[in-house]
Structures are given as C-alpha cells and as structure tokens.
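Keep the sequence and the 3D view open as you read.

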Amino acid sequence: MSQQTILDGGFRKAMPHFAAWFERVTALPAFVAVCGHIKVAAKAVKPQIKAEEKKVEVKKAVAAAPKAAAPQPGDDDYVEKKAKSALELLPPTTFDLFNFKTFMVNVKDKKGEGIDTLKAQLDKEGFSIWFLHYEMYTGEGKELYKTENMCKGFLQRFDDFRKWCLARHLVLGTEDKQEIMGVWLWRGVGIPQEAHDHPQFEYMKVRQMDIFNNAEDDKLIRQFWGAEYNDVILDMPVLSINWHK
C-alpha cells in the first residue's frame, strides 16, 4: 500500500483532506478485521533498481573483478551470508523444539504431562516464554468472526517465524465482547527482531513469563496450551483455539 511505502509524512501534511479520509477509513472495524492496523510510512521507501538493470550491472562487476575464493565455513563472510536471522547465531541449545512441538500437539494431557515435559526439557538460557494480549480498539471485539479473523491474521503474518516458536492464541469472552490472548515460546531470551518487524506486534501488550518460579504463570500456560472449548480462563469462556507451530 502506498501509504505504507511512498506517501510519507510530508505528502500527508500537504494533502490534509486525503490524510484525514485515509485515517477514517483504515480505522473502520470492518477494514481492521481484514487488513489489520495500517502503519503509515514515516519516510518514503526508495525505489529499487529494475531486475534487468541489476543483472547487467552484476555481470559487468563480475567480469571486471578479480576472482576470489568462495567463503568457507568458519569465515565471517560465510556466517553473514548463511544467517537469515540473528537467532541462527545463538549458541547451540539442548532443547529440541521440533520434537517438542510434535509431542505437545499430540499429547492428550497437555495441561499436565505436556507442560511438565516442557519444564523438564526447556533450555532456559536459549528460550523464553511470553504472554501477549491484543489491545482492542473502540468497536473491536464485538463480532466473533471478525475477532477470529484478526487473531488468525496476526498468526499468519508470523509464518516465517514458525521454526523458532510454538504458540497458542485464544479468543476469550462472550458473543459480543471478545479478547485475543496468547502464550508463546520462542528462541532467545528477549523479543526477537522478527516480532518487531511484524506490523501488528506493537498493538500487543507483552510480558515475559516465568513458569518455573511464578505459580500464576505456570497455571496460565497450562490453561492456554491445554485449553478446550468448555474451559473458562481468566473468567472468560474459550471461544476460539489457534496453534502456531
């Protein structure tokens, strides 16, 4: 969308009527339910060179440059080229996230055996657990299908983060008043860059959980990761259950 990439603050200031109209439209509940909250550009994104032009320039540069040895494992350049995420550069971990995901999703007693196994296996220096609560805007959380769309849309925008996390998001509440909350396990002990890059993450209230020393946090992860549709959590009935794995 041009508002997110090209039409920066200077443009909007010069066209106040257009800017006001855009803000009204993107604040409508029906718009937010489908597209989420739109974050406008502070500065315009610079246009990229066309692929054909880049290809010609690369060929010229390759032809003119002396041949160099390809980077090898252990070289700094090799690490920079291979790493797609800062999380890949973290020290090795003893916790097998992939196998635990398979176990957790399939174990029958998620509230008991599931979380007990997590606590027995988790590498506390390499992973952390977080509670996320979406801040509802005026008019949101009134229709369940729209709230579910917002919840699922938030998770879909984290598709590239699946290899680093396991999460369960719930929609809690009543037919005319809902809340979106989730408990996340992810690689690293802070908030990763992938979360900061997510366009809706800033609308989440986020806090780190301590399931080992805080009884309320231990209870909360058992409730969320073991939730069923007849449960009541935080005094609210469970309306929707969504894994992100």
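Predicted model: local features only at pLDDT ≥ 70, side-chain atom pairs only at ≥ 80, totals over all residues.

Leu 170 has Ile 241 of β6 as its bridge partner. Strand β2 (residues 165-174) and strand β6 (residues 236-244) run antiparallel, joined by six bridges.

Now widen the view to the sheet. Its six strands follow the order β4-β1-β3-β2-β6-β5, and the sheet is open, with antiparallel pairing. At the edges stand β4 (204-209) and β5 (232-233); each has a single partner strand, so one side of each lacks a neighbour in the sheet.

Helix α9 (residues 144-156) packs on this sheet. The strands that α9 touches are β1 (127-134), β2, β3 (177-187), β4 and β6. The directions of α9 and β6 make an angle of about 30 degrees.

Next, a pair of helices. Helix α8 (residues 110-121) packs with helix α11 (residues 215-225), their axes lying 9 Å apart at an angle of about 125 degrees. The crossing of α8 past α11 is right-handed.

Which residues make the contact of α8 and α11? Here they are, by helix:

| Helix | Residues in the contact |
|---|---|
| α8 | Lys 110, Lys 111, Gly 112, Ile 115, Asp 116, Leu 118, Lys 119 |
| α11 | Asp 218, Ile 221, Arg 222, Trp 225 |

By type, the residues of this α8 and α11 contact comprise six charged, four nonpolar and one polar.

How values were computed
Residues numbered from 1 in each chain as written. Heavy atoms only, no water. Pairing = 2+ DSSP bridges. Helix = DSSP H or I, 4+ residues; strand = E, 2+ residues; numbered from the N terminus. Contact = heavy atoms within 4.5 Å. Axes fitted to C-alpha atoms, helices over the stretch in contact; angles between N-to-C directions. Left-handed = near helix turned anticlockwise from the far one by under 90°. Nonpolar A, V, L, I, M, F, W, Y, C, P; charged D, E, K, R; others polar.
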